[in-house]
Amino acid sequence: MNRPERGIHIAKNIKVVDWLKTEILDQIASLFRGLHYANQQMIIDSLSSILVSVYVLARRMGVPYREVDQVVTQKLREHMKEGHQLEEWYGDLSAMEKYINKR
């Protein structure tokens, strides 16, 4: 690959990363609106869009999807071991770990 093409590729990747960061922030704002109005469809749509954007951003940064899943699972286990309140009160972390392991 010659130099000009490489520069275009790098510039395009930077632009995509910036767009993904903006998309994540926009979906967080949408999530907050959905929470404010108790709109379950808006909440689900925003959360799923955030997840998609985060996974794609990870890929653009050179992190494979599988590695993201592995680190999430590791973090869940660490939090459970430390007695995180969400685990103690609701069992959310172990439920999420089971879900990820079934995929």
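How many aromatic pairs does the structure hold? It holds two. In one of them, the rings of W89 and Y90 have centres 6.2 Å apart and planes at 85°, so this pair is edge-to-face. With a relative accessibility of 57%, W89 counts as exposed. Y90 counts as exposed too, at 59%.

Before I go further, a word on confidence. What you see is a predicted model. The average pLDDT of the protein chain is 94, and 96% of the residues score at least 70. Among the elements of the chain, the lowest mean pLDDT, 91, belongs to helix 1, residues 3–36. The highest, 98, belongs to helix 2, residues 40–60.

I turn now to the loop between helix 1 and helix 2, which is where A38 is placed. A38 is not a glycine, yet its phi is positive, at about 55°. Its relative accessibility is 66%, so A38 counts as exposed, the cut-off being over 50%.

What caps the N-terminal end of helix 2? The cap is N39, which has a side-chain oxygen 3.1 Å from the backbone nitrogen of Q41. Helix 2 itself has 21 residues. From its first C-alpha to its last it reaches 30 Å, close to the 30 Å expected at 1.5 Å a residue. Just after helix 2, G62 adopts a positive phi of about 90°.

Let me consider the residues along helix 2. Those that are buried include I43, S46, S49 and I50. Further along the helix, S53, L57 and A58 are buried as well. S48, by contrast, lies in helix 2 and is partly exposed, with a relative accessible area of 34%. V56, also in helix 2, is partly exposed at 31%.

Two C-alpha distances place these residues against other parts of the chain. V56 and L20 are 36 residues apart in sequence, and their C-alpha atoms are 7.9 Å apart in space. For S48 and E97, the separation is 49 residues in sequence and 18 Å in space, again C-alpha to C-alpha.

I come next to the largest pocket. Its volume is about 170 Å³. Which helices each supply at least two residues of its lining? They are helix 2, helix 3, residues 65–81, and helix 5, residues 92–102. The lining includes L51, V54 and Y55. V68, D69 and V72 also line the pocket.

Is I100 buried or exposed? I100 lies in helix 5, and at 12% relative accessibility it counts as buried, because buried means under 20%.

To summarise, helix 2 has the highest mean pLDDT among the elements, is capped by N39 at its N-terminal end, and is one of the helices that supply at least two residues of the pocket lining. The W89 and Y90 pair, with which I began, is edge-to-face. Thank you.

Conventions: Residues are numbered from 1 along each chain as its sequence is written. This is a predicted model: local features need pLDDT of at least 70, side-chain atom pairs count only at pLDDT 80 or more; totals for chains, interfaces and linings use all residues. Side-chain values use heavy atoms; hydrogens and water are left out. pLDDT is the predictor's confidence in each residue, from 0 to 100. Helices (H or I, at least four residues) and strands (E, at least two) are DSSP runs, numbered from the N terminus. The expected span of a helix is 1.5 Å times one less than its number of residues. Buried means under 20% relative accessible area, exposed over 50%, partly exposed in between (1.4 Å probe, protein chains only). A polar contact is a pair of N or O atoms within 3.5 Å; within protein, one must be able to donate a hydrogen and the other to accept it, and residues adjacent in sequence count only if both atoms are side-chain atoms. Rings of Phe, Tyr and Trp (its six-membered ring) pair if their centres lie within 6.5 Å; planes under 30 degrees apart count as stacked, over 60 as edge-to-face and the rest as tilted. On a 1 Å grid over the protein atoms alone, a cavity is a set of points where a 1.4 Å probe fits but cannot get out, and a pocket is an open set with protein on both sides within 12 Å along at least five of seven lines; lining residues have an atom within 4 Å of a point. Grid points are joined across faces, edges and corners, and a volume is the space filled by probe spheres set on the points.
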